[in-house]
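Work through the exercises below with the sequence and the model side by side. Try each task before reading its solution.

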Amino acid sequence: MKIQTSRPILLILVAAVAVPGFGLAAEADTPTFYADVLPVLQENCQTCHRPEGEGENIGGMIAPMPLMTYQQTRPWARSIARAVENRSMPPWFATEATRGQFHHERVMSDDEIETVLAWVRGGSPAGDAAEAPTTKKFVEEGSGGWSLGRPDLVVQMPENYWVADDIADININFETELTEEMLPETVWVRGVEFKVGGSDVHHMCASVRPPGGATALGKFSDSSIGCIALGAESHLMEPGYAMKLEPGSTIEFSMHYNKEAGEGSGFYDRSEIGFVFADAPESELREVKFDSIGNLTFEIPPGHERWKVGAARVFPVETDILALWPHAHLRSVAVRYDAFYPDGTTEVLLDVPNYDQEWQTTYQYKKPKTIPAGTRVEVSMWFENTPERGEERGFDPADNVVNGTATTDEMMLGFVAWAPVEPVDPIALRLGVASIQSTGGGE
């Protein structure tokens with residue numbers, strides 16, 4: 001069966017109900033939808049709450065209903081008020097320790113929350129449509145639905161793959177070679193955007209095998225170009241950073257499909273990747289690597305409420321960190337990245353005390369985070385393997401859980417996008433950043 005989870009969407013929080021006061025004349029100082037509430041929704045909600053195909057290219061279909069118009073929003077007024085008041089919406093899981101450091105932080109201000117609450121208390125009036133802001137456009141006209149704009153190069157899976165009716169959970173890999181016709185010369189890529197075939201794509205990762213290279217399919221390495229999963233967004237790298245892409249390289253698609261097996265559940269998928277090229281010369285660019293600080297040797301015992309698994313990496317040279325992307329499955333409940341500096345001080349890079357695999361946020365720095373040579377970055381994840389969690393998320397808590405590709409297995413991967421501040425020998429760098437793993441334990 002397809003894994004059913006309790007992601008904090010408004011549909012699950014509360015059913016649509018009438019709000020007392022609807023149709024009554026509002027007080028003069030009551031916020032109205034068009035003048036006051038719609039701008040808040042545009043800023044914080046419509047990225048996910050929009051008609052399918054009309055918003056940003058986010059992994060999976062996140063929201064069950066659009067909130068673009070008054071007619072669409074009004075029946076959900078009380079639901080929205082509850083969700084924003086308890087801060088379950090909009091979904092943002094990092095603590096205030098890093099507030100303001102990342103792009104696309106989905107955090108409503110106290111004033112925005114009060115505007116919504118006052119609107120609902122006042123009967124949720126529409127107001128004057130002439131006061132509405134311009135309709136927000138999430139993708140450029142003529143972009144083909146790509147969030148980052150029309151790509152300079154689009155690479156598809158080599159076939160339109162049929163995920164059969166009887167398939168519930170499957171991992172499969174594909175390869176597409178970049179012929180000279182597709183890519184006549186070496187380019188530098190500033191943006192990578194994944195466009196998956198629907199919400200039944202659990203996640204999609206990709207890597208580049210250079211001409212003559214021998215990396216194994218589905219293995220994460222310095223050739224990885226990233227992943228997308230439920231809730232993940234695409235971003236352009238900051239100016240001056242890019243990934244190298246050579247003619248004759250092979251793009252490796254690592255696909256994970258997860259759905260409810262049964263008659264009529266099959267679908268075709270031909271996911272694709274859009275590449276946005278950097279517009280600066282090579283001499284002005286720093287090469288970005290995307291790989292994980294991960295642990296593949298853990299075992300989570302049955303019935304445990306909070307089992308910690310850790311991994312660490314020492315960066316031997318001064319390094320800029322561009323983004324963090326934690327990845328785990330159904331039992332993961334929390335994750336933290338900590339930096340231990342050579343001078344003995346420490347810093348929390350990212351703390352997610354309520355991790356939810358249904359919202360796999362990419363935490364991209366607004367300004368790259370520079371760490372000195374010799375910094376050790378530790379990634380810690382906590383897992384709950386209890387009957388209560390199993391019933392909620394659809395897994396067997398009696399299992400001893402190890403690393404695996406199925407949704408009911410687990411993963412412990414703390415991805416990092418990074419670039420050395422100064423040019424460095426790649427072999428020495430690879431040796432220097434080898435991971436140190438810890439097998440985990442109760443906490």
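**Exercise 1.** Where does His104 lie, and is His104 buried, partly exposed or exposed?

*Solution.* Step 1: find His104 in the loop that runs between α4 and α5. This is a predicted model, as are all the places named below. Step 2: read the backbone angle; His104 has a positive phi of about 55°, although it is not a glycine. Step 3: take the relative accessibility, which is 42%. Buried means under 20% and exposed means over 50%, so His104 counts as partly exposed.

**Exercise 2.** Describe Arg87 by its place, its phi and its accessibility.

*Solution.* Step 1: Arg87 is found in the loop between α4 and α5. Step 2: its phi is positive, about 60°, and Arg87 is not a glycine. Step 3: because its relative accessibility is 46%, Arg87 counts as partly exposed.

**Exercise 3.** Is the peptide bond from Met89 to Pro90 cis or trans?

*Solution.* Step 1: locate Pro90 in the loop between α4 (77-85) and α5 (110-121). Step 2: read omega for the bond from Met89 to Pro90, which is near -5°. Step 3: the bond is cis.

**Exercise 4.** Is Asp291 buried or exposed, and which side chains does the side chain of Asp291 contact?

*Solution.* Step 1: Asp291 sits in strand β12, residues 289-294. Step 2: its relative accessible area is 5%, so Asp291 is buried. Step 3: look for polar contacts of the Asp291 side chain. One is with the side chain of Arg313, at 2.9 Å. Another is with the side chain of Trp418, at 3.0 Å.

**Exercise 5.** How many cavities of 30 Å³ or more does the structure hold, and what lines the largest cavity?

*Solution.* Step 1: count the cavities of 30 Å³ or more; there are four. Step 2: take the largest cavity, with a volume of about 340 Å³. Step 3: list its lining. The largest cavity is lined by 20 residues, and Val192, Ile225, His235, Phe290 and Thr362 lie nearest its centre. Step 4: assign the lining to elements. Those giving two or more residues are β4 (187-195), β6 (224-229) and β15 (319-327). The largest share, four residues, comes from β6. Step 5: sort the lining by class, which gives 14 nonpolar, five polar and one charged residues.

Definitions and conventions: Residues are numbered from 1 along each chain as its sequence is written. This is a predicted model: local features need pLDDT of at least 70, side-chain atom pairs count only at pLDDT 80 or more; totals for chains, interfaces and linings use all residues. Side-chain values use heavy atoms; hydrogens and water are left out. On a 1 Å grid over the protein atoms alone, a cavity is a set of points where a 1.4 Å probe fits but cannot get out, and a pocket is an open set with protein on both sides within 12 Å along at least five of seven lines; lining residues have an atom within 4 Å of a point. Grid points are joined across faces, edges and corners, and a volume is the space filled by probe spheres set on the points. Ala, Val, Leu, Ile, Met, Phe, Trp, Tyr, Cys and Pro count as nonpolar, Asp, Glu, Lys and Arg as charged, and the others, Gly among them, as polar. Buried means under 20% relative accessible area, exposed over 50%, partly exposed in between (1.4 Å probe, protein chains only). A polar contact is a pair of N or O atoms within 3.5 Å; within protein, one must be able to donate a hydrogen and the other to accept it, and residues adjacent in sequence count only if both atoms are side-chain atoms.
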